Amino acid sequence: MCGVDREREKGVCLCGAEPIVNRAALHSYEEPPVSGTRGSGTIFFGGCIMRCDFCQNYRISRNPVGRSYTPRELSELYKRLESEGAHNINFVSATQWTDAVIESFKFYRPKVPVVWNTSGYERAETVERLQEFVDIWLPDFKYSSEELGRKLSGRSNYPLTALNAISLMRKLSRDRYVQGIMQSGLIIRHLVLPGYLSNSFGVLDMIKKEIGTQTTVSIMSQFTPPECSEIILRRLKPIEYKAVVRYAEKAGFGNAYIQELDSADSSYTPPFEI
Ligand code: SF4
């Protein structure tokens, strides 16, 4: 959509034509039914279609370093992660590589669930194209405020774009668990940002109104100001996080994952290869 031919030059995602993977490994810091006991087979892609001031993965989202993979090579990664015991294959910020990911499934379809771990800034067409392959939708819902979306991520149309995409994900999936491990469905993540509580309340209001309070939400407290951040420079206060959790409870969200406040620790950021 940025109008660039990525065979010739880089797009707003800072990526060319071939997928860049920085890290593919078992990861234990997703929500409990996604990480399970053995870990989620997480593939961290380089580049990103957003430009978040506070990106915890900025070392690879703003500088897509890693190795190039063909679709066939990507499919080999899925086999390797499965053999290591992954509960699922988890695509992190792969939107800019949607074509290559879909092509990779011609070579191998994972036997475990496929997770689409996304900023939420997805076109409905992309969600529709992926529905045949994705079992678990794991979108962020970052902003209810257009102004904040522009200020912190450079995307003023974020709220309605995300709402539209996540509503569609809801329609396309049914929550299913086997022995506590998620097999299909939707978990909406919201990272509470220091100083922007009304944004969080607005996100919960939008989910309640358009998607419903039966939906599982993951209210995240793990904000650590990264070095790249120019706007948000402090940590979340416990009182801020508690206010958002209370708001969600009052609104009737019965299926919410709440984090311990000691999650706000940069050790939760994966060890990227830079
Ligand atoms: S969407 Fe996620 S990965 Fe992309 S810039 Fe924002 S926080 Fe970083």
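**Close-up 1. Arginine 6 over the ring of tryptophan 97.** In this predicted model, the charged end of arginine 6 is placed over the ring of tryptophan 97, at 5.0 Å from the centre of that ring. An arrangement of this kind also involves arginine 67, which lies over the face of tyrosine 69 at 4.1 Å from the ring centre.

**Close-up 2. A cluster of aromatic rings.** Phe45, Tyr78, Phe91, Phe105, Trp116 and Phe133 are linked into a cluster by ring pairs, and a search of the whole structure gives 12 aromatic pairs. A pair of aromatic rings is described by the distance between the centres and the angle between the planes.

**Close-up 3. Helix α3 and its buried face.** Helix α3 comprises 13 residues, 71-83, and spans 19 Å from its first C-alpha to its last, which is close to the 18 Å expected at 1.5 Å a residue. Its buried residues are Pro71, Leu74, Ser75, Leu77, Tyr78, Leu81 and Glu82. Viewed down the axis of α3, these buried residues fall within an arc of 150°, and they therefore line one face of the helix. On the other side of α3, Arg72 and Ser83 are exposed. Tyr78, one of the buried residues of α3, is also a member of the aromatic cluster.

**Close-up 4. The surroundings of α3.** The buried residues of α3 are covered by elements that include the strands β1 (20-27), β2 (40-45) and β4 (89-92), together with the helix α4 (98-104). After α3 comes glycine 85, which has a positive phi, near 105°.

Definitions and conventions
Residues are numbered from 1 along each chain as its sequence is written. This is a predicted model: local features need pLDDT of at least 70, side-chain atom pairs count only at pLDDT 80 or more; totals for chains, interfaces and linings use all residues. Side-chain values use heavy atoms; hydrogens and water are left out. Rings of Phe, Tyr and Trp (its six-membered ring) pair if their centres lie within 6.5 Å; planes under 30 degrees apart count as stacked, over 60 as edge-to-face and the rest as tilted. A charge sits over a ring if NZ of Lys or CZ of Arg is within 6 Å of the ring centre and within 35 degrees of the ring normal. Helices (H or I, at least four residues) and strands (E, at least two) are DSSP runs, numbered from the N terminus. The expected span of a helix is 1.5 Å times one less than its number of residues. Buried means under 20% relative accessible area, exposed over 50%, partly exposed in between (1.4 Å probe, protein chains only). The arc is that of the directions from the helix axis to the C-beta atoms. Contact means heavy atoms within 4.5 Å.
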